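Thanks for asking for a second pair of eyes on this one. Here are a few friendly notes to read alongside the coordinates.

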Amino acid sequence: MSTVLPVPLVQALQPVTVLVAAPWLSGVIAKVESRLQGRRGPRVLQPYYDLAKLFRKESLAPAGANWFFLAAPVVAMTCYLTVPLLIPVLTSFGLPLGYMGDIIGGGFLLALASFSVAVAALESGGPYAQLGASRAKTFGAITEPVVLFVVFTVALVTGTDLPYAQAATVRSSADQIIRPAHLLASAALSWSSSTRPAASLSRPTPAPTSSG
């Protein structure tokens, strides 16, 4: 006897799944990169330990920063958790909110999150934070065109830019999965996902802070 979950529950579980699994995926990527570079690398579960340590710290804001510095993480997290409502995560069945926006709209949400974090870094007034924001946007300018290439390639093949409709087209036959366009797009997406800015070699001097 099979158990069918209610559609609203499945819809709500999609962003929860992404929220819980994202640190694990980040740890896997960091581990694979370390192995490819001949290093031992961090533990796969290290991002969870880092998050637990950060949540135990008090909230601090640089002196002179305005309200947007504190609001930017909330805006970014909201954008990140809205995207799973638009794409297949737990099921390829067309959920009600899945047709609220297409894959281009999801890209705009991710761009808004990145922009919010970059502006918050500028608001901090710290030179290292501004340098980090500049580096992140530079890497974004390199990887985002690759993501757009993948999106438009799949959209041209399937004839739609709705994620659930694209998934249904790819599942329709094995020929759709092994098409050269899909294989090249998957390779490009994997490359862009694994490309991240290198960590700074110098440790910045903390800026004057005030409790927030």
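Predicted model: local features only at pLDDT ≥ 70, side-chain atom pairs only at ≥ 80, totals over all residues.

1. Let's begin with helix α4 (residues 103–124) and helix α5 (residues 127–158), whose axes cross at roughly 170 degrees and come within 9 Å. Angles over 145 degrees count as roughly antiparallel, so that is how α4 runs relative to α5.

2. Which residues make this contact? From α4 they are Ile 103, Ile 104, Ser 114, Phe 115, Ala 118, Ala 121, Leu 122 and Ser 124, and from α5 they are Ala 129, Gln 130, Ala 133, Lys 137, Val 151 and Phe 152. Sorted by class, the contact of α4 with α5 has ten nonpolar residues, three polar and one charged.

3. The other pair is helix α1 (residues 7–36) with helix α2 (residues 46–55): here the axes come within 7 Å, at a crossing angle of roughly 125 degrees. The two helices, α1 and α2, are therefore oblique to each other.

4. On the α1 side, the contact is built from Val 20, Ala 21, Pro 23, Trp 24, Ser 26 and Gly 27, while α2 supplies Pro 47, Tyr 48 and Leu 51. Seven of the residues in the contact of α1 with α2 are nonpolar and two are polar, with no charged ones.

5. Finally, a look at Gln 14, which also sits in helix α1. Is Gln 14 buried or exposed? Its relative accessible area is 0%, so Gln 14 is buried.

Note on methods. Residues numbered from 1 in each chain as written. Heavy atoms only, no water. Axes fitted to C-alpha atoms, helices over the stretch in contact; angles between N-to-C directions. Helix = DSSP H or I, 4+ residues; strand = E, 2+ residues; numbered from the N terminus. Parallel < 35°, antiparallel > 145°, perpendicular 65-115°, else oblique. Contact = heavy atoms within 4.5 Å. Nonpolar A, V, L, I, M, F, W, Y, C, P; charged D, E, K, R; others polar. Buried < 20%, exposed > 50% of the residue type's maximum accessible area, 1.4 Å probe, protein only.
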